[in-house]
Amino acid sequence: TALGATPADTDEFLVSDAGTIKRVDYSYIKGSSTIGGLTDVTMDATNFADGLLIQPNSDGSAPTTGTLSTAIENIGIGHNTFSALTSGDYNTAYGSRAGTALTTGSENQLFGKSAGGSITTGQYNHIFGMNAGASFDTESNNVAFGLSALGGSIAGGEQNTVFGNSSGDSITSGDANVIVGYNAGDALTSG
C-alpha cells in the first residue's frame, strides 16, 4: 500500500510486542469504526430497533438478552443490564445489574447498581440509587430516589413517591404514598 493510502485488511504491519517484532494483518489492529461494530455492543439489531445495549461483562461476545421480539428504543449500559429483555419498549437502565429481570415492562428509568433489578412487567417506574426498587416485579408508577429507597419486598405497591436513603423500604402493598427523608416510612407496609 502506498504511503498515505488506506490500508487493505490483508496488508501487513510490523508491531513490537514486548520487544518481539511481529507481522500482523491490518484487520487485526484497525478496530471498529462504529460503536455498533464492537462485539460487546448491540445497537439497532433485529427486534431491538433504535436501541443500544452495552454489557461490559460479555467478554467480547454480543450482549445477552431474552428472546427479543420488537423491543424498541431501549438504552442499557451495565453488567447484565436487560439480560432478560424480550419486548419492553423505551426503557433506560444504567448500572451494574440494573433492569436485569425486565422482560416486557416499558418506559422505566433505572439508574444505579441493581436499581429495579427484579422488574419484569412493571411500567413507568423511575428508580435512582443502588438497590432502589430492587424487589419490584410487576409494580408500576413508582418513583424512588436514594440508596435502597423502596428497596424492600413490594407486593403490589404502586404510585409511591419516595426520596431518601432506605425510605419506604418496608412498603409491600401500600399505594399512593409520598415519603421524604432518610429511613422515613420504615414502618409503613400497606398504608
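**A walk along the sheet**

Hi everyone, let's start at a turn: in the hairpin of β3 and β4, N47 takes a positive phi near 65 degrees, and there are two residues between the strands. Before going on, please keep in mind that this is a predicted model.

Strand β3 covers residues 41-45 and strand β4 covers residues 48-54; they run antiparallel, joined by four bridges. If you want to find one of the pairings on your screen, look for V41, whose bridge partner in β4 is I54.

Strand β5, residues 75-77, is joined to β4 by three bridges, and here the two strands run parallel. In general, strands of a sheet pair through backbone hydrogen bonds, and they can do so parallel or antiparallel.

So what order do the strands take in the whole sheet? The order is β3-β4-β5-β6-β7-β8-β9-β10-β11, making an open sheet of nine strands with mixed pairing. At the edges sit β3 and β11 (178-180), each of which pairs on one side only. From one strand to the next, the twist averages 5 degrees.

Next, the aromatic rings. The structure holds three aromatic pairs. In one of them, F128 and F145 are stacked, 4.6 Å centre to centre with 10 degrees between the planes. F128 belongs to strand β8 (residues 126-128) and F145 to strand β9 (residues 143-145), so this pair ties together parts that are 17 residues apart in sequence. F145 also stacks with F163, at 4.9 Å centre to centre and again 10 degrees between the planes. Because F163 lies in strand β10 (residues 161-163) and F145 in β9, that pair links parts 18 residues apart in sequence.

Finally, the interior. In soluble globular proteins, nonpolar side chains tend to be buried together. Here the largest nonpolar core has 23 residues, and L85, L110, I127 and L150 have the most contacts inside it. Take L150 as an example: leaving aside neighbours within four places in sequence, its contacts include G133, F136, V143, V162 and I171.

That's my tour, and I'm happy to take questions.

How values were computed
Residues are numbered from 1 along each chain as its sequence is written. This is a predicted model: local features need pLDDT of at least 70, side-chain atom pairs count only at pLDDT 80 or more; totals for chains, interfaces and linings use all residues. Side-chain values use heavy atoms; hydrogens and water are left out. Rings of Phe, Tyr and Trp (its six-membered ring) pair if their centres lie within 6.5 Å; planes under 30 degrees apart count as stacked, over 60 as edge-to-face and the rest as tilted. A nonpolar core is a set of buried Ala, Val, Leu, Ile, Met, Phe, Trp, Tyr and Cys residues joined through side-chain atoms within 4.5 Å. Buried means under 20% relative accessible area, exposed over 50%, partly exposed in between (1.4 Å probe, protein chains only). Contact means heavy atoms within 4.5 Å. Two strands pair if DSSP finds at least two bridges between them. Axes are lines fitted to C-alpha atoms, for helices over the stretch in contact, and angles run from 0 to 180 degrees between N-to-C directions.
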